[in-house]
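Keep the confidence values in mind along the way.

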Amino acid sequence: MDRQFVIFTLADESFGVAIALVERIIELRSVARVPFAPDFFHGVVNLDDRVLPVLDLRKRFGFPAQPPTRETRLLVVAVAGVRVGMRVDRVTQVLTVSDADIEPLPPIVATVHSHFITGIAKVARTAPESEGMAQAEERRLIILLNLRKVLSTDEKAALQGWDYTLADVPEWAEDAAPEMLTDLKV
Amino acid sequence: MRDILKFDIEDNEIEIFLQDVNEHLEAMESGLLRLEQDGGEPAESQESLQTAFRAAHTLKAIAAAVGHPRMAELTHTIENTFEALREGWLRPTAALIDELLAAVDTLRVLRDEVVTREPSGIDVPALIHWLQEMLSEAMDVSTAAAGPQLAWNGDLSSVIALSEEQLLRAQAYVEQGWHLWEIHLAAKPGAFAPLARLLQASMALMELGEIIVQNPAQADLLNKEETVPLWVILATDTYAPTVEAQLRDITDIDGFSVQPYTLNVSEAAVLSEVAEPVSLTEPGLPEELTAAPPAPPTITGLGREKTVRIDVERLDALMNLVGELVTGRTRLAQVETMLRNQYGKGTMTTALSELNSDLGRVVDQLQEEVMQARMVPIAQLFSKFPRLIRDVARTAHKEVDFVIEGEATELDRAVIELIGDPLVHLLRNAVDHGLESTQVRTAMGKAARGTVRLSAAHEEGNVVITVQDDGRGIDPAHVRQAAVQRGLLSEDAAAKLDAHEATALIFEPNFSTADHVTEVSGRGVGLDVVRTNVKRLGGAVTVDSTIGQGSTFRLSLPLTLAILQTMLVNVGAEVYAIPLTGIIESLYLADWKVSRVRGKSVIYWRGQALPLLPLQDFFAHEDGAGEGKPAVVVVAWGKQRVGLRVDGLIGKEEIVIKSMSPLVGNVPGISGCTILGDGRVALIVDVPGLIGAALQARRQGEVL
């Protein structure tokens, strides 16, 4: 079976989230920071007169911070009824991946906590997209994210000193978080 | 399989049915409670009973209309009991009130049947039977006590049929809940002026209501020479024993009978459809006679409805739209300013300004109107509490005087909905834990009956609700001790708190779980829930307490939830909105001399040292100073005053409160957020929370 993913980059690594979870992709806009929030909580922005919380995925994954560029985007995702914006370096494409090309666990994961990951997609490199990346590989790896894990947090370090309730997000019902999150179990 | 009940009501009517029924049930209940309270004062009891009676009467009609005969019958019996109470055959004993309250509760269950369509299994006939037994016993006793019955031995048949006009009048009275009595009466043969006695009787009956018809007619009584029996159909709101008592007072009466008179309803109903409404005042009677009888209830028949029921959701939607409009207007004003700055004054920009201010006026008015439409008197909520207090008091074996003040205070219905639970908590606490037992009170030389006072009032753009008891008060020492035991504070930290701060610990979460608190302070069941709920509304709660004299809980709430008057300030690169209700004054820092007291910044303001709280440090925003002239916003909560040091004042703005995402939890010092005219998001400062957090930080030697 084929699945579609929105592909984005963080610190030159490619990540994918199921397209069904992505509501919109918007440009970075004026952010109101929320005091006492964990480092990775970027702040809140105005999206169509509603207040959208935004996570900085670089910080979430422990990449070094980077000032916004013209390509910085907010990926507005909705998981189990909660809308969140995720700040990413760049959104590159929408990619169709066959199940056969998805491997459950990465042999080597350099940067991202393995529990954020549902699988690794190995896809053929597309020519126009390859600039700035090593030409040596024939296929590239895309890390498929488990948004449920990314959005919830049990990391005490992040929570210290604040009654921060990402964990209070309504039960992440498995059925409400579609294909990618559930189907990929090995 | 359970039976499914059928009612004559459409699904979309159920909401209105419930509202109506609840209204009447509450009226009955509050009537009963007031009756119990002022049992000794006949005049006041009469009024309470009248209210309860009318509610029961209307409820009966509603129940009959939806095809709920058991509910209608039970209501009818309760109505009769109210009558008996009003006429004084029954005494409002606590036991009787208990029974009647239970009967009202049963009506609630029957009401729910209409929604669930499932039989509740309540034995209504048994309950009705029980009430009727009690009623007839009471009537017998009262009749026996009243003196010997003058029996009527004559013919009981009706003398003449009612005319069309008389039927209509009689029917109108019946619809208002009055009774029709058929009275036969004869003077003693050989009495002096027997016809005068009959006339006297007829006048006596008029005092009770209206005579629909009598035979012989009043004018004929004056002219007739031979004695004939008098026959009267009387419409009155009293019961037979009262009528009888009235007749018994007349001398030289041989005998009388008072029987219920049944209208031929179908005939009357048909007539009423063709006939014009009839005036209920007897024409042609001398002034003093028309003035004497109690005014019959006015019949509204053709009166035009001036009010419309509107779905709350629709009202909310309207309010949201107005909110958007307010934001839009602000945005438009900014565009206007930008255009003017860019292109200078010209015909176009002037036209835009005029348009803008016209639009602004309309939007202001619209907002005002919609807000008004959402305002309801707090009596809607308060009326539920006498019953609560009574029940808690009876369970706790305490005597309580419950005083309600300021019922007419109006506030947004959304606020009313959300403060119900916190108030229930506080009132229950006040009776259960706040008040001492009667013995203890007497021993202390206090009045045996405790007083719980619930009041509402407008205060500086807020609604302040207080729950006050004259009980034992909260002992700060006990609270400190409990807090330490619960691990909320170290012993040192607890010792540093002054009495007021220590008492405020009862609002801390975890403070109040389990029996711990009841045992230690006798307080605190769910007080953190109270605080959380009130804070969610943008309000705050404080407590003042004196040992041995009682406690006062003070809830301060915004008039409305949707729109807030605020002062916008720059803090670093951020914009914060501070609710105007929390602000006392704004000062430019440059005009003031900042001193250091024990290492903390203060200014001397209005004769006191005002601690300064730099918001940028407090909220830990790293960026350098924001735009504007550094200023101090003096905010207050209760007795606490703190100067919030900000980088600049932007100005006053009306903001629409937006809900934060559920992802964002409870942020200290922040109550919510809003979207500004320029599209940016600003956080709203929670003044009480901020002061609380700052004081806590000061104790830990951090910020101030």
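Begin with strand 12 (residues 563-571) of chain B. This strand pairs with strand 20 (residues 648-658) of chain B in the antiparallel sense, over 8 bridges. For a point of reference, take B:Val569: its bridge partner in strand 20 of chain B is B:Leu649. The model is predicted, not experimental.

Strand 20 of chain B has another antiparallel partner to follow. Here 2 bridges join strand 20 of chain B to strand 21 (residues 670-675) of chain B. B:Ile657 is bridged to B:Thr674 in strand 21 of chain B. In general, strands of a sheet pair through backbone hydrogen bonds, and the pairing is either parallel or antiparallel.

Now turn to the open sheet. There are 6 strands in this sheet of chain B, in the order 14-18-19-17-16-15, and the pairing is mixed. Which strands stand at the edges? They are strand 14 (583-588) and strand 15 (594-597) of chain B. Each has a single partner strand, so one side of each is left without a neighbour in the sheet. From one strand to the next, the twist averages 40°.

Next in the order comes strand 19 (residues 640-646) of chain B, which runs antiparallel to strand 18 of chain B and is joined to it by 7 bridges. One of the bridges links B:Ala631 to B:Val646. Strands 18 and 19 of chain B form a hairpin, with 2 residues between them. In the turn, B:Gly638 has a positive phi of about 60°. As a rule, side chains in a regular strand alternate between the two faces of the sheet.

The helices come next. Helix 12 (residues 312-343) and helix 13 (residues 347-374) of chain B pack with their axes 10 Å apart, at an angle of about 160°. An angle over 145 degrees counts as roughly antiparallel, and these two helices of chain B are therefore roughly antiparallel to each other. The crossing of helix 12 of chain B past helix 13 of chain B is left-handed. What residue classes make up their contact? There are 16 nonpolar, 5 polar and 4 charged residues.

Helix 15 (residues 385-395) and helix 16 (residues 413-434) of chain B have axes that come within 9 Å and cross at roughly 35°. This crossing is right-handed. From helix 15 of chain B, the contact takes in B:Phe385, B:Leu388, B:Ile389, B:Val392 and B:Ala393. They meet B:Val424, B:Leu427, B:Arg428, B:Val431 and B:Asp432 of helix 16 of chain B. By class, that contact has 8 nonpolar, no polar and 2 charged residues.

Over residues 154-186 of chain A, pLDDT stays under 50. The model still has 66 contacts beyond four places in sequence for that stretch. Where pLDDT is low, the predicted coordinates should not be read in detail.

Methods:
Residues numbered from 1 in each chain as written. Chains lettered and ligands numbered in written order. Predicted model: local features only at pLDDT ≥ 70, side-chain atom pairs only at ≥ 80, totals over all residues. Pairing = 2+ DSSP bridges. Helix = DSSP H or I, 4+ residues; strand = E, 2+ residues; numbered from the N terminus. Axes fitted to C-alpha atoms, helices over the stretch in contact; angles between N-to-C directions. pLDDT = per-residue confidence, 0-100. Contact = placed C-beta atoms within 7 Å. Parallel < 35°, antiparallel > 145°, perpendicular 65-115°, else oblique. Left-handed = near helix turned anticlockwise from the far one by under 90°. Nonpolar A, V, L, I, M, F, W, Y, C, P; charged D, E, K, R; others polar.
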